[in-house]
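Subject: Structure handover

Hello,

Here is the structure I promised to pass on. Please open it alongside this message; my notes follow below.

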Amino acid sequence: MSITLRPFTSSESDSEFVWSCFSARVEWLASKGLDGQWGHWDSDTKEKIRASLPADTAKGARSWIAEVDGAPAGFLQLTPFRAEYLPFDEKEDKPGKEIYVKALVVHPDFKGKGVGEYMLRYAKGIAEEEKADWLRLDCWRGPEGKDGLVKYYEGQGFARAREFVTPAPAPRAGEWPGQLLEMKIAQDSK
């Protein structure tokens, strides 16, 4: 089995794959009782995702499609900026240049094949090349006992930085409990 990354293009096939990857993962999460992470998506969500990709690229984001033996398997997006819902907190966040994992999703058909780990190693390599101090990401924290995503990232070398709560994305109401995680990029790699 060979895992590779190639740049995301704005082609219809790449855009459709990103949508199908997120959509399949949303269905899988709902089947596990974890729909609090992303809720339920519809055609409006699809259009928002499709529109956000070129908008993020214009602001400096870079995106890749992970492939397993040539078949699309996952999506990675790195940015030099955080999501708007998570501003820098001068009291809690450590200063320094950061590379942010804005999106990392593996299609459920490729779960357990090492695709997510591969994309995270690639992201770390980019952070090292760009002499960043931190590789950071945020994810759904979930209620106690349903924090598997946070534990997954800890298993990949990230540490919990701080918890946060933000309004749930539309059309949902309520709050979305998140976790900021970070990985210190070694000084000797600079």
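Which residue in strand 4 does Thr79 stand opposite? Thr79 faces Tyr100 there. Before going further, please note that this is a predicted model.

**Strand 4 and its neighbours**

Start with strand 4, which spans residues 98–106. This strand is mostly covered, with eight of its nine residues buried. It has strand 3 (residues 71–79) as a partner, joined by six bridges. Strands 3 and 4 run antiparallel. Strand 5 (residues 134–140) is also joined to strand 4, by four bridges. Here the two strands run parallel. Within that pairing, Val101 stands opposite Leu137 of strand 5. Between strands 4 and 5 the chain passes through helix 3 (residues 115–129). This β-α-β crossover is right-handed.

**Aromatic pairs**

Next, the rings. How many aromatic pairs does the count come to? The count is eight. One of them is formed by Phe8 and Phe75. Their ring centres are 5.8 Å apart, with 75° between the planes, so the pair is edge-to-face, given that angles over 60 degrees count as such. Phe8 sits in the loop between strand 1 (3–7) and helix 1 (12–31), whereas Phe75 belongs to strand 3. The pair links distant parts of the chain, 67 residues apart. Are these two residues buried or exposed? Both Phe8 and Phe75 are buried.

A further edge-to-face pair is made by Trp64 and Tyr122. Trp64 is in strand 2 (residues 62–68) and Tyr122 is in helix 3, so the pair ties together parts that are 58 residues apart in sequence. Tyr122 has 32% relative accessibility, so it counts as partly exposed.

Phe8 and Phe75 also belong to a cluster: ring pairs link them with Phe22.

**Charges over rings**

Two tryptophans are worth a look as well. The charged end of Arg25 sits over the ring of Trp28, 4.7 Å from the ring centre. Over the ring of Trp134 sits the charged end of Lys184, at 4.8 Å from the centre.

Over to you.

Best wishes

Technical notes:
Residues are numbered from 1 along each chain as its sequence is written. This is a predicted model: local features need pLDDT of at least 70, side-chain atom pairs count only at pLDDT 80 or more; totals for chains, interfaces and linings use all residues. Side-chain values use heavy atoms; hydrogens and water are left out. Buried means under 20% relative accessible area, exposed over 50%, partly exposed in between (1.4 Å probe, protein chains only). Two strands pair if DSSP finds at least two bridges between them. A crossover is right-handed if, with the strands pointing away from the viewer, the path from the first strand over the helix to the second runs clockwise. Rings of Phe, Tyr and Trp (its six-membered ring) pair if their centres lie within 6.5 Å; planes under 30 degrees apart count as stacked, over 60 as edge-to-face and the rest as tilted. A charge sits over a ring if NZ of Lys or CZ of Arg is within 6 Å of the ring centre and within 35 degrees of the ring normal.
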